[in-house]
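Visitor: Please pick a single part of this structure and walk me through it closely. I would also like to see how it sits among its surroundings.

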Amino acid sequence: MNTTNENRVRIPVGDLRSALPKLAVLLALLAVLLAWSGVRQWRDAGLLEDTERARDRAVEVVQASHAAQVKQLQQRLASAPVKAALAANDTAAAVAAIREGWADAEQVEILDGALLAAYGDAATFGFSKLALLEAGMQGNAVAARVVKDGKQTAFGMAAAVPQGVLYVRVPLARLTEGFDGVAMPAGGYLALRQGAYSIQQRGDTRLEDGAERMAHAVGKTGLRVATAAPDSDSGPLGLGAIPALVVAALLAGLAIVAALVARGGMRVGRFGVKGTEMHDMDEPTLGEALLRDPVPAAGRTIVVAEEGGDGAYRQAEGKAVEVDPGIFRAYDIRGIVGKSLSVEVAELIGLAIGSVMRDEDLPDIVVGRDGRLSGPDLVGGLIEGLRKAGRNVIDIGLAPTPVAYFGAYHLRAGSCVAVTGSHNPPDYNGFKIVVGGQTLSGDAITDLYERIRDNRLYIAGVPGDLQQRDIAADYIQRIADDVQLERPLKVVVDAGNGVAGDIAPQLLEAIGADVIPLYCEVDGTFPNHHPDPSEPHNLEDLIQTVKRFDADIGLAFDGDGDRLGVVTKEGDIIFPDRLLMLFAADVLERNPGALIIYDVKCTGKLQGWVLRHGGTPMMWKTGHSLIKAKMRESGAELAGEMSGHFFFQERWYGFDDGLYSAARLLEILANRTETPSEVLADLPDGVSTPEIKVDVVDGTPHAIVERFVDGAEFEGARLSTIDGLRADWDDGWGLVRASNTTPILVLRFEADNTAALERIKTEFRTRLQALAPELKMTF
């Protein structure tokens, strides 16, 4: 006996027929809803494609206009009359020859290379024009950019000449006329931008805040075309345009069948439509089927459904996305765009982060990015992945990494991702990740890769929300409410064209400083120098500018604004470990006995300094994530690294923040009666090297350091192996450790005098050469 069939509920055919009209109406309504959604998505997709075509065309015409103007100047510089006039040192004749027949040349002048008059009144002369002239004197190429010249915005060009620098100004229209003529669809948005400045905008300006996600660079001009189209919501159950239309057609067909049956147009007996046994009715309805098994998102297939969940763990199907495990570093994720990083990889990383957040029941996350040209695309992929994992994303747009960290607190999200390549070359980018207040590092970073590799990526039934917020003003206000200078200080700020240039001058002016910006235009190509203040040669322009303006101090930031570099008006570089002494003394005045953490690359004089000021010193491993984890574990009030990361728990949130550290530094200096140079010169100092980097070609730096540690015998030295090997003698110390981000060995040495320094360097060099003779020593 079939007990299953005996227990079935039998529904009389008459009752079924009476319910069919309502079912037909319901099916028809669902069909209309899905059809409307499909048509709308189809229309929005078309608008997006048309806008992208307009962007690509705009890139072409602007690049052509830019090249035409530059070529015009190059041809005139190469002409016989101009060359003869310059050779004769007749600048007036050279200017006249350049202007001859060039109707668009509004201004042509040759300035002395020292630019003394310009620097004497830089605000009136124009900082952007001054920066252009400086760029023009570098090398043989013509420098060109949009500048503020007096009260007008124009297209300026500069080139080095024997007498100094040539400057030519032409109307901005010569650059933008092609942009203005590009056909674009109604409802879209285009903007021609240089740094944070929108030179020309077209279309719906309400979309301007989100336009960077699809921005494309205009060659190597420093310009870019940003674009946006209205967001298109996915259809019910996450269906795309074509799936929605297909399901709508099916539902419409079912509605017609139901209507015909209800009217008697189809006979229903024991075997109804096409022989279906209607009275058994134990198959699920369409609604029940959809509830049991949600329609998978396009291009995905379910791997493991999670019990009781609102979504499922899924894997991509179709074209496989290769994910390089090498981009998952000790402190963050970092790779080369176009090789190990792509939009698809960013989406998988977003899914992995979202999966971790889902496991920890964390719904919200803040996303920000630095000024790299690849940033908008990678942010788009990352946000897509986070939202697919059901996370609610707050996009704060272009922002330094510490502002993203601040956003996690300020917006009560607790989690954030900064899309940044930090101080690496322009073709690099990466992700610094905080989940639930914890900066991911080590095994937590590895776990993200393993989730991707093993297809443990959670996809929610309903995507998370997305909103845009600008929190720069909130960040500045929060700091300015706490930090105000007792007296004004004249400060040169060198952002190295990194993202800090967008906010650092505003912040320091808000606390009472007189700010002179240098390379503060955000430009992901970093045209002036590499944004890494730990390399002394990157501070040369800052030193020169501080001297020219007779400023009190110079401040430099790295590409994403979480590190700080400092120079005095005399041109001395103040290494971060000495700055940490100043910060420690200040913090310990209010917090006697507080723990102060510093990394293994810092000066040996820090321990005694902290002890003399009533604090507790602790040396720890290098790495911003590792330092933050140790701070949480130990309750330290302050920490710092030789690389320029500073972490204030006192009066702040404990994350590394170059901008906030700059504000605290100026606060301390403004409270002293001595000049900033005198205050900084009084800090204990020895004879030291900056970070020395030795490339490792064969094997890994970690393997070399392990062998070095195993055989280390330094007579009379105290050895520390918490991160590489550090040997401390009474008159100095030396360190070798493996970088966790690049294939190099990092060394540093310090001693009381030059003879001791050379002795310690020789000890390390001799042992390294014996251990790894293939290494090319740079010290």
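Guide: Let's begin with a term: a contact means heavy atoms within 4.5 Å. Among contacts in the protein chain between residues at least 6 apart in sequence, 65% join residues at least 24 apart. This is a predicted model, in which local features need pLDDT of at least 70 and side-chain atom pairs count only at pLDDT 80 or more, while totals for chains, interfaces and linings use all residues. Residues are numbered from 1 along each chain as its sequence is written, and side-chain values use heavy atoms, with hydrogens and water left out.

Of its 779 residues, 53% are buried, where buried means under 20% relative accessible area, exposed over 50%, and partly exposed in between (1.4 Å probe, protein chains only). The chain exposes about 33,400 Å², and carbon and sulfur atoms supply 52% of that. Those areas come from the Shrake-Rupley method with a 1.4 Å probe, and for residues only the protein chains shown count as cover.

Two strands pair if DSSP finds at least two bridges between them, and β15 gives us several pairings to follow. Strand β11 (residues 333–336) runs antiparallel to β15 and is joined to it by 4 bridges. Here I336 stands opposite Y428. Strand β14 (residues 416–419) also pairs with β15 in the antiparallel sense, again over 4 bridges. In that pairing, C416 faces V434.

Follow the chain past β15 and you reach strand β16 (residues 438–439), an antiparallel partner over 2 bridges. V435 has Q438 of β16 as its bridge partner. The two strands make a hairpin with 2 residues between them, and G436 in the turn has a positive phi of about 60 degrees. As a reminder for reading any such strand, in a regular strand the side chains alternate between the two faces of the sheet.

A search of the whole structure finds 0 disulfides, taking a disulfide to be a pair of cysteine sulfur atoms within 2.5 Å.

Helix α13 (residues 401–410) is mostly covered, with 8 of its 10 residues buried. Those residues are T401, P402, V403, A404, Y405, F406, G407 and A408. They pack against β15 and β14, and also against β12 (364–369), β13 (392–398), α15 (472–480) and α20 (624–634). Just after α13, R412 takes a positive phi of about 55 degrees.

Not counting residues up to four places away in sequence, R664 touches V483, F583, D586, V587, R590, F648, E650 and R651.

One is an open, antiparallel sheet of 4 strands in the order β1-β4-β3-β2. Its edge strands, β1 (107–112) and β2 (143–149), each pair on one side only. β1 and β4 (residues 164–170) share 6 bridges in the antiparallel sense, and L111 stands opposite V165 of β4.

The other open sheet also has 4 antiparallel strands, ordered β6-β5-β8-β7. At its edges stand β6 (197–203) and β7 (216–217), each with a single partner strand, so one side of each has no neighbour in the sheet. β7 pairs antiparallel with β8 (residues 223–228) over 2 bridges, and H216 stands opposite V225 of β8.
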